[in-house]
Amino acid sequence: MIEGTTVRTIAVSQDAPQATPVEVQAYEQHYAAADVRLPLIQSTPEGGLWLDHEHIPKHTITQSPIYAEFLASLGMRHTASLSLRDGMHSRDFLGLIRPVDMAPFSADEQALLEQLIPHIVRANR
């Protein structure tokens, strides 16, 4: 995590179990500080797409506490992050996290997300 930043989490899922307030608090208080994804996600420019399997080695995904403990406990694994707004004092991201039994985001899914990003950025304003 980039020093001086705060992570606020809102978790919504259609298929996976909903993260409880206790789980969200555990992430914010314990896992966020060691989340290997955050510095990479936070360096994504506004309107950019970040996919974990393109930037994080497979052994890190299987051994890092964020993946091996926190996300696994929720039945989730691979992450896509869309950088929606880079403001003076805050940034907005939309994170898509796949169930553990799904493969990383495919090239076709990446292309679809890249087509949708400008519209989602505009809707976020």
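Predicted model: local features only at pLDDT ≥ 70, side-chain atom pairs only at ≥ 80, totals over all residues.
Biologist: What is the overall order of helices and strands from the N terminus on?

Modeller: The protein has six helices and three strands. Read from the N terminus, its elements follow the pattern α-α-β-α-α-α-β-β-α. Of the 125 residues, 33% are buried. The accessible surface amounts to about 7800 Å², and carbon and sulfur atoms account for 56% of that surface.

Biologist: What share of the contacts between residues at least 6 apart in sequence joins residues at least 24 apart?

Modeller: That share is 57%.

Biologist: Let us turn to a single helix. Which residues of H1 are buried?

Modeller: The general idea comes first. An α-helix has 3.6 residues a turn, so residues three or four places apart point the same way. In H1, which spans residues 21–31, the buried residues are Val-24, Tyr-27 and Tyr-31. These residues lie on the same side of H1 because they cover an arc of only 95° around the axis.

Biologist: Which exposed residues are carried by the face of H1 turned away from the buried side?

Modeller: That face carries Pro-21, Val-22, Gln-29 and His-30, which are exposed.

Biologist: Against which helices do the buried residues of H1 pack?

Modeller: They pack against helix H2 (38–42) and helix H5 (65–73).

Biologist: Where is Asp-35 placed, and is Asp-35 buried or exposed?

Modeller: Asp-35 sits in the loop between H1 and H2. The cut-off for a buried residue is under 20% relative accessible area, and Asp-35, at 1%, therefore counts as buried. Once neighbours within four places in sequence are set aside, Asp-35 is in contact with Tyr-27 and Ile-66.

Biologist: With which residue does the side chain of Asp-35 make a polar contact?

Modeller: The partner is the side chain of Arg-37, at 2.7 Å. The pair is also a salt bridge, with 2.7 Å between the closest N and O atoms. Arg-37 is buried, its relative accessible area being 6%, and Asp-35 is buried too, at 1%.

Biologist: With which residue does Glu-46 form a salt bridge?

Modeller: Glu-46 forms a salt bridge with Arg-125, and the closest N and O atoms are 3.4 Å apart. Glu-46 belongs to the loop between H2 and strand S1 (49–51), whereas Arg-125 belongs to the segment after helix H6 (107–124), so the pair ties together parts that are 79 residues apart in sequence. Glu-46 is partly exposed, with a relative accessible area of 37%, and Arg-125, at 70%, counts as exposed.

Biologist: Which residue forms a salt bridge with Asp-92?

Modeller: The partner of Asp-92 is Arg-85, with the closest N and O atoms 3.1 Å apart. Asp-92 is partly exposed, at 23% relative accessible area. Arg-85 likewise counts as partly exposed, at 28%.

Key
Residues numbered from 1 in each chain as written. Heavy atoms only, no water. Buried < 20%, exposed > 50% of the residue type's maximum accessible area, 1.4 Å probe, protein only. Helix = DSSP H or I, 4+ residues; strand = E, 2+ residues; numbered from the N terminus. Arc of directions from axis to C-beta. Contact = heavy atoms within 4.5 Å. Areas by Shrake-Rupley, 256 points an atom, 1.4 Å probe, with all protein chains shown as cover. Polar contact = N/O pair within 3.5 Å; in protein donor to acceptor, adjacent residues only side chain to side chain. Salt bridge = Lys/Arg side-chain N within 4 Å of Asp/Glu carboxyl O.
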